[in-house]
Amino acid sequence: MASKALLLGASLAALASPALAQADFNGSWERYPPMGETPDPMYAPTPIPNPPLKPEYLAQWKEHEAKLAARMAEGQPAGDNYVKCLPDGMPAMMQGMFPMEIFQRPEQINITQEAFNQTRRVYMNETLPRWDELDPTFYGRSVAHWEGETLVIETTGIKENVQFRWTPHSEGMKITERLHLLAPDILRNDIVVEDEFLAQPWTYSYTYRRMPGYKLLEYVCEDNREYVDETGMARLRIEER
């Protein structure tokens, strides 16, 4: 009888205890440090290392890196998504130099990046589907749960042609993010990318600073490839890149 009374008491105490406070990520954020600003060492993000690709994929990546370096030396665009008016997708959209906004609800968190009006939807407390159960997309499927005040987001189902720093990957790529506040207005995102193309997980971090009162602007990108020819027909200008 005594043990039952203790169990009942413990259950009632648990019901009476307030739920653990979850971190508040709502609001607009900018990448930290912004260009031209020296970061506080306490909040500086970790540098992004080169992707630890397996040897059979490394040569292609180095070829793209050399092409990018040559174009930058010439003052030319890199020929990446921005030139083609394509959204970054995951995980590149989380490193955009444009502000982003986080909308936090108990059942869902939306993250909107000002560049290209990109929006990813993160569903709380759901099971991450297998990558081969999904139609691959720019942002994949994201689910999340709280571990204390850290939000853990898992994502899979990214299109193979959606690449960060031209890093090739399979459709089975998995991205795990751990978002937590370093200070009331400083947010850290620790990222781990796992894929069969990588010899080991690719890890790095981003830091964001809250922008009180900032309202995201509309961002519309047009690739300017449509034109009207001399006969009045609308056509698509296709050039080799």
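Is Trp166 buried or exposed, and what is its relative accessible area? Trp166 is buried, at a relative accessible area of 18%; buried denotes under 20%, exposed over 50%, and partly exposed the range in between (1.4 Å probe, protein chains only). The legends below concern a predicted model, in which local features need pLDDT of at least 70, side-chain atom pairs count only at pLDDT 80 or more, and totals for chains, interfaces and linings use all residues. Residues are numbered from 1 along each chain as its sequence is written, and side-chain values use heavy atoms, with hydrogens and water left out.

**Figure 1. Overall architecture of the predicted protein.** Three helices and 11 strands make up the secondary structure, where helices (H or I, at least four residues) and strands (E, at least two) are DSSP runs numbered from the N terminus. Along the sequence, these elements follow the pattern α-β-α-α-β-β-β-β-β-β-β-β-β-β. Of the 241 residues, 38% count as buried. Among contacts with a separation of 6 or more, 52% involve residues 24 or more positions apart; a contact means heavy atoms within 4.5 Å.

**Figure 2. Arg165 and Trp166 in the loop between S6 and S7.** Arg165 lies between strand S6 (150-156) and strand S7 (174-183), and Trp166 is found in the loop between S6 and S7. Phi of Arg165 is near 55°, a positive value in a residue other than glycine. Trp166 also has a positive phi, near 55°, and is likewise not a glycine. Arg165 counts as partly exposed because its relative accessibility is 26%, whereas Trp166 is buried.

Figure 3. Rolling a probe the size of a water molecule over the atoms shows where empty space is left. The structure holds one cavity of 30 Å³ or more, a cavity being a set of points, on a 1 Å grid over the protein atoms alone, where a 1.4 Å probe fits but cannot get out. The largest cavity has a volume of about 80 Å³; grid points are joined across faces, edges and corners, and the volume is the space filled by probe spheres set on the points. Its lining residues, which have an atom within 4 Å of a point, are Pro91, Val162, Gln163, Phe164, Thr167, Pro168, His169, Met173, Val193, Asp195, Leu198 and Trp202. By class, the lining has eight nonpolar, three polar and one charged residues (Ala, Val, Leu, Ile, Met, Phe, Trp, Tyr, Cys and Pro are nonpolar; Asp, Glu, Lys and Arg are charged; the others, Gly among them, are polar). One of the lining residues, Pro91, is joined to Met90 by a cis peptide bond with omega about 0°. Pro91 lies in the loop between helix H3 (81-84) and strand S2 (100-104).

**Figure 4. Aromatic residues around Trp202.** The structure holds 10 aromatic pairs; rings of Phe, Tyr and Trp (its six-membered ring) pair if their centres lie within 6.5 Å, with planes under 30 degrees apart counted as stacked, over 60 as edge-to-face and the rest as tilted. Trp202 and Tyr204 form an edge-to-face pair, 5.3 Å centre to centre and with 65° between the planes. Both Trp202 and Tyr204 are buried. Phe164, Trp202, Tyr204, Tyr206 and Tyr208 form one aromatic cluster. Trp202 is also among the residues touched by Val192. Val192 is found in strand S8 and is partly exposed, with a relative accessible area of 27%. Val192 and Tyr204, 12 residues apart in sequence, are 6.9 Å apart C-alpha to C-alpha.

**Figure 5. Tyr32 and the cis bond to Pro33.** Tyr32 is found in strand S1 and is buried, with a relative accessible area of 5%. The peptide bond from Tyr32 to Pro33 is cis, with omega near 0°. Pro33 belongs to the loop between strand S1 (27-32) and helix H2 (55-73). Not counting residues up to four places away in sequence, Tyr32 touches Glu37, Thr38, Pro39, Asp40, Tyr43, Pro45, Thr207, Tyr208 and Arg209. The C-alpha atoms of Tyr32 and Tyr43 are separated by 8.1 Å.

**Figure 6. Ala199 and its contacts.** Ala199 lies in the loop between strand S8 (186-194) and strand S9 (202-210) and is exposed, with a relative accessible area of 56%. Ala199 touches Pro52, Leu53 and Lys54, not counting residues up to four places away in sequence. Ala199 and Lys54 are 145 residues apart along the chain, yet their C-alpha atoms are separated by 5.1 Å.

How values were computed:
On a 1 Å grid over the protein atoms alone, a cavity is a set of points where a 1.4 Å probe fits but cannot get out, and a pocket is an open set with protein on both sides within 12 Å along at least five of seven lines; lining residues have an atom within 4 Å of a point.
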